[in-house]
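Thank you for asking for comments on this structure. My notes follow as numbered points, to be read beside the sequence and the coordinates.

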Amino acid sequence: MTEIIASSTTNTSTFAQRTTDAVNDPELRKNFRAAMDFLIEKRQSVFDSDDELQRLRRLGNRIRSRALSKLPQLLQQLETNLTNNGIKVHWAETPEQANAIIYQIIEQKNASKVVKGKSMVSEEVEMNDYLIERNIECVESDMGEYIIQLDNEKPSHIIMPAIHKTAEDVAHLFKKHIPGTEYNEDVDFLIQTGRKVLRKIFYEADIGVSGVNFAVAETGTLCLVENEGNGRMSTTVPDVHIAITGIEKVVELLSDVPPLYSLLTRSATGQEVTTYFNMISSPRKEGEHDGPREVHLVLLDNGRSQAYADTQLRDTLNCIRCGACINHCPVYTRVGGHAYGTVYPGPIGKILSPHLLGMEETKDLPGASSLCGACGEVCPVKIPIPDILLRLRQESVHPDRSGQSEYKPTLKGQGAKYSSKEHSLWRTWAMVYSSPRMYAFISFLATRFGRLMPRRLTPWGKARTLPQPARKSLHQMVKERQA
Amino acid sequence: MSIRDQILGRLDAALKNTNCQPLYAEHEDRSVVTEYYQYTPEQRVERLTKMMQASHSEVHQVSEKNWPAKLLDLMQAKQLNNLVIGDNTPHGQQLTNHWKEFDETPDLKSCQRDIEQWKDELFHNTDAALTGSRGGIAATGSIIVWPTPEEPRLISLVPPVHFILLRASTIHNSFAEVMALEKWQQGLPTNALLISGPSKTADIQLTLAYGAHGPRELIVLIVNDMETR
């Protein structure tokens, strides 16, 4: 299994450690707060009619649920139509398999230079590392992705990967890594610098890799949503285009695309529309003068079929990756994207990552939520994220009985957070609360001796002021009043 | 069993085990995608213009006759020295013929050749491109471009300035509407695009910057063909 490591800047061991470091960094908190506030406002202003928003969300949910309700059939239809259109389809169960497929295509072409448009699934499989280890040059072309690649970091947001960096950070980075570049924190200058470097990369690249926003089964079409044009460059200039996506990205009908596209751009960045909507249905045909001669699609499972097997957890796969849940999450805003230690941060990351990585590596994530419900409220396809978080909390402490016959765990690594100490504590608690005598005895003790409790009862009391038991219990006071 | 069959097998089993019934599109209320975006033909031009300007595009109203002259003016004002055109297209021919009458016009380049033959020229020595369009979308201020052998994919992307001809009569209300009306599901080209402005990014500190990887300028010439239709 691929181990998703945290970025170099936050490469501390545990989730607790990383979040502690993050909340103690006032600069980081300020940056994320400002950025998220901006995105929240932008989204609000672009959905000016609540009636439209709610109806569109219902439709979006319905379209995604419909696609999932016949996923195997649609994947086969997609495969057939893509194949008829001349696009080669590959299937991968694991990140290793996906990378091997991509590498094999590159090798067959004797290629050495890959340019990548933005793709979270390629991050998920850590394609760059895999290819670079095999001496393939692989350059990110989305401005944000390019910036963090220079700094050897991971994205801190699925839509805006370099949101944690300031213009000054980028100016320093460009000066250090791009020969002949002076320090200049003007954003236009920085973008033009990136443009110049990446133009050369596009020009020379043998292979273009991209993600997919929607794969249309009806027509065999891959849809890409973007503003920069790097997606179009990566899928048009090189001679070979390899798209990689998760098996859940398929939609049934072409007419499913406009409502989802509208929900995506408005929820993500508060844009009515992005600069480019790019629909690819075949490689270069006879008589056409440009475009790749080969187009491939890699369909990746990587734990998605595990989520699919459970009616409630299946909803996770409705996601269209807009990032609205992330933008509205009070936890994400305070700790930033790297603290999660997973490719997909924030609420969606918390419910998706356990399937991709297993519960052992993600056991703390479902608990890292205040359950305020903002994520579920803004989700354009109405994924009940808080309910799924609760469910995953339960699954994380359900002991794994995989040794027993007939037992099939819902999740890989289920019960990873199980602790016999915690378990017996809650059992005792339940016992006390279901027995009036025991309850009376314990509250007697608490009211008399509660003040003797240690002030810093760890770990709960580490960051909290402990409550002081009252001198008289409510029962006692009611009794006295009645007397 | 192949990896494909294993994945599909697991998905099939999951559907069976959870007793999941397929849902059907016929039962969905789709009115929301079109209801909010109903305009008269004049409103469509207005809305598209407003939306495109908001996304930093330049929009000009032109006539069937005068657009080549307007384009020449714009090229000269912007000090652009050459222009790629699809010289086989009706508008490419109209432009060529019109510009012949002038002594000093920017160079016209043809894109009727495989990219391999002129990639260097396109990337390093091309100032602007002109393309036609299939239509427009008023709701979002978008232009529908289906690249053809006459006007290939890269000419609307690589040059720093993109001029685009849009006939007012081809502007539709919404993406959903035009797709349904023209029955796109019956056959899409190699590449179909919506273009809604110049290339841009807000990846550094959420500050908008134009000309990220594609054209820095998008100039839309809306040809008023409403009376003649």
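1. Chain A is divided into domain 1 (66-305) and domain 2 (433-482), with bounds that come from an automatic or database domain assignment. Taken over C-alpha atoms, the centres of domain 1 of chain A and domain 2 of chain A are separated by 58 Å.

2. Please keep in mind that this is a predicted model, in which local features need pLDDT of at least 70 and side-chain atom pairs count only at pLDDT 80 or more, while totals for chains, interfaces and linings use all residues. Residues are numbered from 1 along each chain as its sequence is written, chains are lettered from A and ligands numbered from 1 in the order in which they are written, and side-chain values use heavy atoms, with hydrogens and water left out.

3. A nonpolar patch on the surface is formed by A:Phe441, A:Ile442, A:Phe444, A:Leu445, A:Phe449 and A:Leu452, which together have about 610 Å² of accessible area. Patches are made of residues with over 30% relative accessible area and no salt bridge, like charges being joined within 9 Å and nonpolar side chains (Val, Leu, Ile, Met, Phe, Trp, Tyr) within 5 Å; the areas come from the Shrake-Rupley method with a 1.4 Å probe, and for residues only the protein chains shown count as cover. A:Phe444 lies in helix H21 (residues 436-449) of chain A; helices (H or I, at least four residues) and strands (E, at least two) are DSSP runs, numbered from the N terminus. A:Phe444 counts as partly exposed because its relative accessibility is 43%, where buried means under 20% relative accessible area, exposed over 50%, and partly exposed in between (1.4 Å probe, protein chains only).

4. In chain B, an open sheet of six strands has the order S1-S12-S7-S4-S2-S3, with parallel pairing; two strands pair if DSSP finds at least two bridges between them. Its edge strands, each pairing on one side only, are strand S1 (58-62) and strand S3 (107-110) of chain B. Within chain B, strand S4 (residues 128-131) and strand S7 (residues 161-167) run parallel and are joined by four bridges, and B:Thr131 has B:Ile164 in S7(B) as its bridge partner.

5. In chain A, strand S2 (residues 113-116) pairs in the parallel sense with strand S3 (residues 137-140) over four bridges, with A:Val115 opposite A:Val139 in S3(A). S2(A) also pairs in the parallel sense with strand S4 (residues 207-210) of chain A, over three bridges, and there the bridge partner of A:Val114 is A:Ile207.

6. Which residues make a salt bridge between the chains? The side chains of B:Arg10 and A:Glu93 meet at 2.5 Å, N to O, a salt bridge being a side-chain nitrogen of Lys or Arg within 4 Å of a carboxyl oxygen of Asp or Glu. This pair crosses from helix H1 (residues 3-17) of chain B to the loop between strand S1 (87-92) and helix H5 (95-108) of chain A.

7. A second salt bridge to inspect is that of A:Glu153 with A:Lys165, whose closest N and O atoms are 3.0 Å apart. Both residues lie in the loop between helix H8 (143-150) and helix H9 (167-177) of chain A, so the pair ties together parts that are 12 residues apart in sequence. A:Glu153 counts as buried at 9% relative accessibility, and A:Lys165 counts as buried at 7%.
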